[in-house]
Amino acid sequence: MVFLAGLLSLGAVAAYWASRQEAEKHGDTVVARRWETSVFYRDDEFIGWVTSGAPSLDGYARVLAPYDFALLACLGGAFAAASVAAAEYLRFPQDGRWVLALAPLAFAAADFAENRVLLRLIAARRATPTEILGLKKATLAKFVALGAAASQTLVLLLWLFVA
């Protein structure tokens with residue numbers, strides 16, 4: 001399990017690096033990936049961008065699929081594998097260790113949902129305030145689940161080193 005966590009961590013780093021390389025080809029809007037990194041933007045800003053027909057729309061889609069999908073799978077898997085591996089070393093009950101994969105899976109699911117909403121809006125070249133609210137909710141859920149997954153993994157790893 002430790003080997004799997006390490007391998008998935010390397011995959012997450014590679015996916016992040018590759019996504020940055022692809023994003024730089026499409027300009028500052030894609031590099032900033034503002035729509036995924038904050039929920040504090042105005043709806044009219046997003047609507048203006050998505051209806052603009054700008055080349056950055058296609059670039060954004062090229063970064064989300066496949067690079068961000070690879071990143072969410074590798075990062076979620078790395079958190080899950082590291083948590084379960086730490087639980088094994090800490091001699092947690094074997095029947096309940098699977099619970100430690102829930103927060104990382106929730107992160108991956110929320111990020112996947114966010115990406116799907118963004119890709120759908122980019123493909124449609126339009127967005128309504130209701131759709132943007134859904135996007136913001138998915139982004140917020142991603143951040144909450146990421147915080148839970150990262151915190152859980154960090155606590156278990158610190159416990160492992162202290163124990």
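Mentor: The largest pocket has a volume of about 280 Å³. This is a predicted model, where local features need pLDDT of at least 70, side-chain atom pairs count only at pLDDT 80 or more, and totals for chains, interfaces and linings use all residues. Residues are numbered from 1 along each chain, and side-chain values use heavy atoms, without hydrogens and water.

Trainee: How many residues line the largest pocket?

Mentor: It is lined by 16 residues; Arg33, Thr37, Asp68, Leu71 and Lys142 lie nearest its centre. Lining residues have an atom within 4 Å of a pocket point.

Trainee: And by class, what is in that lining?

Mentor: Eight nonpolar, two polar and six charged residues.

Trainee: Switching to helix 4. Which residues are buried there?

Mentor: Phe46, Trp49 and Val50, in a helix that spans residues 43-50. Buried means under 20% relative accessible area, with a 1.4 Å probe and protein chains only. Helices are DSSP runs (H or I, at least four residues).

Trainee: Where do they sit around the helix 4 axis?

Mentor: Within an arc of 90°, so the buried residues line one face of helix 4.

Trainee: Now Glu36. Buried or exposed?

Mentor: Glu36 is buried, at a relative accessible area of 4%. Glu36 belongs to helix 3.

Trainee: What does Glu36 touch?

Mentor: Beyond four places away in sequence, its contacts (heavy atoms within 4.5 Å) include Tyr60, Asp68, Glu114 and Lys142. Glu36 and Lys142 are 106 residues apart in sequence, yet their C-alpha atoms are 9.3 Å apart.

Trainee: Which side chain makes a polar contact of 3.1 Å with Glu36?

Mentor: That of Tyr60. A polar contact pairs N or O atoms within 3.5 Å, and within protein one must be able to donate a hydrogen and the other to accept it.

Terms used: Buried means under 20% relative accessible area, exposed over 50%, partly exposed in between (1.4 Å probe, protein chains only). Helices (H or I, at least four residues) and strands (E, at least two) are DSSP runs, numbered from the N terminus. The arc is that of the directions from the helix axis to the C-beta atoms. On a 1 Å grid over the protein atoms alone, a cavity is a set of points where a 1.4 Å probe fits but cannot get out, and a pocket is an open set with protein on both sides within 12 Å along at least five of seven lines; lining residues have an atom within 4 Å of a point. Grid points are joined across faces, edges and corners, and a volume is the space filled by probe spheres set on the points. Ala, Val, Leu, Ile, Met, Phe, Trp, Tyr, Cys and Pro count as nonpolar, Asp, Glu, Lys and Arg as charged, and the others, Gly among them, as polar.
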